[in-house]
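Welcome! Here is a short tour for anyone meeting this structure for the first time. Take a look at it, then read on.

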Amino acid sequence: MMKLNWSDVTPHKVFLDRRSFMAASAAALALPALAGRAQAQTVTGRPSPLSTDQTPNTFEEITNYNNFYEFGTGKEDPARNAHTLTTDPWAVQIDGLVDRPGSYGVEDLAPDNALEERIYRLRCVEAWSMVIPWIGVPLASVLAKVGPQPGAKYVQFETLVRPEEMVGQRRAILDWPYVEGLRLDEAMHPLTILATGLYDQPMPNQNGAPIRLVVPWKYGFKSIKSIVRITLTDREPVNTWKQLQASEYGFYANVNPEVDHPRWSQATHRVIGAGLFGGREETQMFNGYGDQVASMYAGMDLRVNY
Ligand SMILES: Nc1nc2c(c(=O)[nH]1)N[C@H]1C(S)=C(S)[C@@H](COP(=O)(O)O)O[C@H]1N2
Ligand SMILES: [Mo]
């Protein structure tokens with residue numbers, strides 16, 4: 001089977017520019033200042049065997065069709081509005097049942113030399129799907145830094161509240177801050193990452209800059225953006241969509257074609273970028289990651305724990 005990675009598939013012009021630029025700059029050492037600047041604008045992650053070999057959506061698709069209610073409820077609102085967000089400086093407070101609580105910088109949690117590329121399917125609960133080449137680090141590596149205590153059973157995440165810069169937060173669309181949570185074993189699972197970039201770019205604001213969660217076997221709403229707080233706890237965390245409508249959205253939110261949303265089927269989804277006609281495909285249990293994650297739910301009734 002042919003294994004693609006981002007350098008084979010990226011349609012994003014910067015990569016091509018950088019590739020020819022690096023070839024040129026190896027010969028022309030007279031341009032160190034420019035070389036430094038070009039490198040600062042791109043990020044790279046080591047290819048991972050956990051990536052899918054499916055072709056990613058284009059950078060344009062991934063950054064122009066978003067859910068990020070802090071910037072509006074329309075799919076094109078985040079691309080239009082999220083440029084106002086200041087992402088540097090940024091601090092993530094890590095607290096609760098950990099040995100080393102504190103305020104951490106993005107570069108402490110996801111240092112350049114630890115970055116991996118993870119090409120994952122993203123399946124939104126609204127029945128659409130994309131393939132996204134994230135760059136990030138395993139959440140497990142971050143938890144190892146802070147040292148979960150024996151009593152820790154869950155991880156809770158919180159998004160920034162800054163209505164001056166997040167136009168959607170000036171209205172009570174949701175109960176801000178957006179919050180999410182995982183069971184500790186889900187948080188420690190090798191597929192679960194904190195992402196700081198996509199393709200070869202720092203995370204675009206509309207995708208959750210500067211650091212967001214990605215949990216590919218769960219509906220997209222679990223993958224909380226622009227995280228400012230991570231709390232280890234012994235109680236199941238509240239999550240925003242369950243809090244809003246518990247009959248429609250649960251805590252687990254594992255992708256499951258057999259459990260329909262009360263208002264629509266989850267058996268199939270629309271493939272973003274596949275064109276106006278066609279482009280529906282069958283949804284897979286755990287979004288196709290069942291071999292790796294199903295054992296975590298052994299013995300659980302997934303109709304009850306939806
Ligand atoms: N803070 C925050 N995180 C969020 C959301 C949001 O509205 N606010 N939307 C979620 C939903 S419903 C989805 S499908 C994904 C979309 O991620 P993407 O826009 O990067 O594709 O982000 C999730 N994370
Ligand atoms: Mo979603």
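Which residues does the UniProt annotation "binding site" cover? According to that unreviewed entry, they are Asn 66, Tyr 69, Glu 70, Cys 124, Thr 159, Asn 207, Arg 212, Ser 223, Ile 224 and Lys 225. Please keep in mind that this is a predicted model.

Let us visit two of these residues. Tyr 69 is found in the loop between helix 4 (59-64) and helix 5 (77-81), and Glu 70 is also placed in the loop between helix 4 and helix 5. Tyr 69 is buried, its relative accessible area being 16%. Glu 70 is buried too, at 2%. Beyond four places in sequence, Tyr 69 touches Glu 126, Gly 168, Ile 173, Leu 174, Trp 176 and Trp 241.

Now to the aromatic rings. The whole structure holds 11 aromatic pairs, among them the pair of Tyr 154 and Phe 251, which is edge-to-face with 6.0 Å centre to centre and 75° between the planes. Tyr 154 lies in strand 5 (residues 154-159) and Phe 251 in the loop between helix 9 (240-244) and strand 11 (268-271), so the pair ties together parts 97 residues apart in sequence.

| Charged residue | Ring | Distance from ring centre |
|---|---|---|
| Arg 121 | Tyr 289 | 4.4 Å |
| Lys 222 | Phe 251 | 4.3 Å |

Conventions:
Residues numbered from 1 in each chain as written. Chains lettered and ligands numbered in written order. Predicted model: local features only at pLDDT ≥ 70, side-chain atom pairs only at ≥ 80, totals over all residues. Heavy atoms only, no water. UniProt positions renumbered as here; feature names shortened; annotations may be inferred. Helix = DSSP H or I, 4+ residues; strand = E, 2+ residues; numbered from the N terminus. Buried < 20%, exposed > 50% of the residue type's maximum accessible area, 1.4 Å probe, protein only. Contact = heavy atoms within 4.5 Å. Phe/Tyr/Trp six-rings, centres within 6.5 Å; stacked < 30°, edge-to-face > 60°. Lys NZ or Arg CZ within 6 Å of the ring centre and 35° of its normal.
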